[in-house]
Number of protein chains: 2
Amino acid sequence: MTPRLATIPASLPDSVPFVGPETLERRRGAPFCARLGANENGFGPSPLAIEAMRAAAAEVWKYGDPTNHDLKQALARHCGCDAGNIVVGEGVDGLLGLAVRLLVDAGDRVVTSDGGYPTFDFHVAGFGGQLLRVPYRDDMQDPLALVARAAGAGARMVYLCNPDNPMGGWHPPEVIEAAVAALPADMLMILDEAYVEFAPALPRIDPADPRVLRMRSFSKAHGMAGARIGYAIGAPSLVAAFDRVRNHFGVNGVAQAGALAALGDSAHLGLTRARVAAARVRIAEIAAVNGLAVLPSATNFVAVDCGGDGDFARRIVEGLAARGVFVRMPWVAPQNRCIRVSCGPDSELDAFADALPEALAGARG
Amino acid sequence: MTPRLATIPASLPDSVPFVGPETLERRRGAPFCARLGANENGFGPSPLAIEAMRAAAAEVWKYGDPTNHDLKQALARHCGCDAGNIVVGEGVDGLLGLAVRLLVDAGDRVVTSDGGYPTFDFHVAGFGGQLLRVPYRDDMQDPLALVARAAGAGARMVYLCNPDNPMGGWHPPEVIEAAVAALPADMLMILDEAYVEFAPALPRIDPADPRVLRMRSFSKAHGMAGARIGYAIGAPSLVAAFDRVRNHFGVNGVAQAGALAALGDSAHLGLTRARVAAARVRIAEIAAVNGLAVLPSATNFVAVDCGGDGDFARRIVEGLAARGVFVRMPWVAPQNRCIRVSCGPDSELDAFADALPEALAGARG
């Protein structure tokens, strides 16, 4: 007899949402030369953010401000809302977990896309929620179908990622706004906007609307994935409820300093957007040279349609990895006919361009 | 009608375990000149750790390794156990929350000391656990009484902090080992060893014992509170279960690099221990000059017995804060007759020495 796990953890499978590139590197016994699989931003953070983090490193003996006061004030100005609409947390992943914990009782239904973000599914399962899945439509999440399914099922929560990971597509503001308008009064939409800085336009959503929680990241456009800091925008009562469960001193003080500096460097953000746009074009060119098409992207990655099934795409992913190029792929059919290539510096895209023909040939075997 | 909270969060009070010094500084409209309230380590981290974090800041566009592989290997060597005995997380606070989530169902009993670490209580309440409290005995936690109470109540978990926060006392190895020996087979002891590097000796506990999870920190002796990184040592099956619920990519990559460097700098740790020991003597001298006694400490802080009740001590804490000196105090009687002063550099202790007479006089007012 040993200490037993609580009911929900005891029922969970031993699973990991994502295998990290370091694990793959250890398995193959060599580092990757191109790290294009996790939608990290290889163009890097603002030099001002790096400088702020370097300065903050010497002050790391202090806990970070548990209220994230200064960053929340800056974010409120940036987003045109009040600081009371903002909660800062350990990345979108951390905030997703807290949001599920706050809203979902064991057995409650939660609706997401079949093939949507696995870490969200991980958190829903982790609190005993029952996941209902709506298929992609034309390689896009289907906002109105998601809300309709959630309403029909009496779900507590519906998840929508826009722009979308893993396919890269984007719904214009009016589509998102129509989905929000269709939300029942007692349902919460998690609108994951981790990639929103790459989108042409943002939906207008009242930050006081209790039915929507928008998630934002410093991991993607701001190039600070390793800092583990993100935020959510929502109604003050919901935002305040995070204080009931969050790890109050959980946000890294160095990350707070870096995020504040990154937010202030709009010039660097503009540069990043331009670099990412150019890299998307480059990825499309590499694909075309190899006879492959790409899907439209409003993110910092591109889904390359490999024209076969999931097994074929997986062989390409493995063939690229064997040649030192780390990419990932969508996780359900038919989207898993694609591979997902993150935007990165030319040297990394060169490595992708070099490896793809052989990886394709090997996959066709 | 708005989205409603899940059952447990809906039942929780709006509470915050600790008010951070930044909030107090904003309230008083001026920064503190001495930050001696949160048991941070004002002597700072190893210069090697700072250098590693500065270098890692430029690489922050990468997610940290979700397996914390290199750090776990180093910790295993350091602790004389296997990497499979170690889980790395976002500080002890984060690991405490995960441990409670893994073990405690709503209504399950958990035993701690009355006046023990509030953040642990926060997590237990946050998962619906029922807290049972055992009083301090001679200003010390009472290990055998904690275990006996837990066994009698059929508790799932018992919490013990050694060396102890907030009083600073320390039980020698044989006392802890006896408490462990008395644990029922199905009970988990959380042995919070956040301050263990300041203790004269460590208990010997089989890392494969499924009844004990030891928590360790980089926030105290290693001076990296703002980095939010800590670890736990336990049986492989329990350690593996953290993968079911943890935020896999949650540990800051800069913190991983800093922790690895800090762990390798035993010379700096020795220097820190010496500085802390000297600061404890200095705090005792300052107390003595003011007619106050101190309690024995095996930590990086000292409980100063102010000789009155909790209201008297609170007036001293407020008087010190008004004079720019941040300290905290124990939270229940009779321990709350004390104030808790963290060890820090001479300049900060000078400020404490300067402010204490007036704060005392004001409290006696």
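Colleague: How many salt bridges does the rule find across the interface of chain A and chain B?

Modeller: This is a predicted model. Across that interface the rule finds two salt bridges. In one of them, the side chains of Arg26(A) and Asp65(B) meet, with an N to O distance of 3.4 Å.

Colleague: Which element gives the largest share of the side of chain A that touches chain B?

Modeller: That is α5(A), with five residues. By class, this side of chain A has 40 nonpolar, 21 polar and 24 charged residues.

Colleague: What area do the two chains bury between them?

Modeller: Chain A and chain B bury about 7000 Å², and carbon and sulfur atoms account for 58% of it. Trp61(A), Tyr63(A) and Arg244(A) supply 13% of the area that chain A buries against chain B, more than any other three residues. In terms of contacts, 85 residues of chain A touch 85 residues of chain B.

Colleague: A change of topic: which residues of helix α2 of chain B are buried?

Modeller: In this helix, residues 21-28, the buried ones are Pro21(B), Glu22(B), Thr23(B) and Glu25(B).

Colleague: What covers the buried residues of α2(B)?

Modeller: The cover includes β1 (34-35) and β11 (325-326) of chain B.

Terms used
Residues numbered from 1 in each chain as written. Chains lettered and ligands numbered in written order. Predicted model: local features only at pLDDT ≥ 70, side-chain atom pairs only at ≥ 80, totals over all residues. Heavy atoms only, no water. Contact = heavy atoms within 4.5 Å. Buried area = accessible area lost by both parts, 1.4 Å probe. Salt bridge = Lys/Arg side-chain N within 4 Å of Asp/Glu carboxyl O. Helix = DSSP H or I, 4+ residues; strand = E, 2+ residues; numbered from the N terminus. Nonpolar A, V, L, I, M, F, W, Y, C, P; charged D, E, K, R; others polar. Buried < 20%, exposed > 50% of the residue type's maximum accessible area, 1.4 Å probe, protein only.
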